Amino acid sequence: MTETGDRSQRHRVRMQRKKEIVDAAIARADHTKGLLLVLTGNGKGKSSSAFGMAARALGHGMRVGVAQFIKGRSDTGEEAFFRKQANVVWHVLGEGFTWDTQDLERDTETARQGWAVVQTLLRDPSFDLIVLDELTYPLKFGWLDLNQVLDDLKNRPPMQHVIITGRGAPEALCNAADTVTEMADIKHAFRAGIQAQSGIDL
Ligand code: ATP
Ligand code: MG
């Protein structure tokens, strides 16, 4: 056999083996359930990934609830876009970072009232997907009780998906999740002095 023929033959055998492994893994994944996803880490892409999945869900005619916990700005493209969608309920439940409000009692109270709103979503099976954007911060700052949050997540409707975003996700939350992704901050344009830009950052 020529050297090229030999290489193609080896490639075919390798790919055949790979296909058997992939097919077996697909066959093993034989059931569905409502998933808990955590998108954390210091790199960019947590919220935008969550809203990407929200767009996917809407494409399938699913109903989506969004709750934003740390509200830095109200001019984001995602808010403008998703608020126009018939199958989306959008809640703003935070007032900004603690260094903006500078009032611990107020932040705690706002977060608790916010969680009461989330509880109504988590008890409503008509929501197929719930995005809890930047929920890790009220957890990290102790404004919300982690055990209460874990309990409410656990008791949600069995087919309901929940996506939680934010840096520094608590270990217990990651343990409870089905899928956890950590965005790594390799490089970010902001550090080169470039402003946040429409369509990319907001
Ligand atoms: P995105 O909404 O773009 O997916 P994110 O949710 O992963 O970002 P956040 O920590 O919520 O990240 O930050 C929100 C804003 O800060 C976005 O405008 C984002 O582009 C920017 N950002 C994210 N990561 C970094 C970083 N490592 N350095 C500087 N700015 C960042
Ligand atoms: Mg974010």
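**Reading the pockets and the sheet**

Analyst: The residues lining the second largest pocket are Leu35, Leu37, Met53, Arg56, Ala57, His60, Met62, Leu129, His161 and Ile163. The model is predicted, so local features require pLDDT of at least 70 and side-chain atom pairs pLDDT 80 or more, while totals for chains, interfaces and linings use all residues; side-chain values use heavy atoms, without hydrogens and water. Residues are numbered from 1 along each chain as its sequence is written, and chains are lettered from A and ligands numbered from 1 in the order in which they are written.

User: What is a pocket?

Analyst: Rolling a probe the size of a water molecule over the atoms shows where empty space is left. On a 1 Å grid over the protein atoms alone, a pocket is an open set of points where a 1.4 Å probe fits, with protein on both sides within 12 Å along at least five of seven lines; lining residues have an atom within 4 Å of a point. The volume is the space filled by probe spheres set on the points, which are joined across faces, edges and corners. Here, the second largest pocket has a volume of about 190 Å³. Two elements, α2 and β5, each give two or more residues to the lining of this pocket; helices (H or I, at least four residues) and strands (E, at least two) are DSSP runs, numbered from the N terminus. Helix α2 gives the most to this lining, with 3 residues.

User: How many residues line the largest pocket?

Analyst: The lining of the largest pocket has 38 residues, and Lys44, Ser47, Glu134, Arg167 and Asp201 lie nearest its centre. The elements giving two or more residues to this lining are α2, α3 (77-83) and α6 (136-140). Helix α2 provides the largest share, 5 residues. The space in the largest pocket is about 1,300 Å³.

User: In what order do the 6 strands form the sheet?

Analyst: Strands of a sheet pair through backbone hydrogen bonds, either parallel or antiparallel. Two strands pair if DSSP finds at least two bridges between them. In this model the sheet is open, its order is β3-β2-β4-β5-β1-β6, and the pairing is parallel. At the edges are β3 (88-92) and β6 (179-183), each of which pairs on one side only.

User: Which residues stand opposite one another?

Analyst: Strand β1 (residues 36-41) pairs with β6 in the parallel sense over 5 bridges, and Thr40 stands opposite Glu182 in β6. Strand β2 pairs with β3 in the parallel sense, again over 5 bridges; there Val66 stands opposite Trp90. Strand β2 also runs parallel to β4, joined by 5 bridges, with Leu132 in β4 as the bridge partner of Ala67.

User: Where is β2 covered?

Analyst: A residue counts as buried under 20% relative accessible area, with a 1.4 Å probe and protein chains only. In β2, 5 of its 5 residues are buried. Both faces are covered: Val64, Val66 and Gln68 are buried on one side, Gly65 and Ala67 on the other.

User: Is Glu79 buried or exposed?

Analyst: Glu79, found in helix α3, is buried because its relative accessible area is 7%. Leaving out residues up to four places away in sequence, Glu79 touches Gln68, Lys71, Arg73, Ser74, Trp90 and Val92; contact means heavy atoms within 4.5 Å. The C-alpha atoms of Glu79 and Gln195 are separated by 20 Å, the two residues being 116 residues apart along the chain.

Note on methods: Buried means under 20% relative accessible area, exposed over 50%, partly exposed in between (1.4 Å probe, protein chains only).
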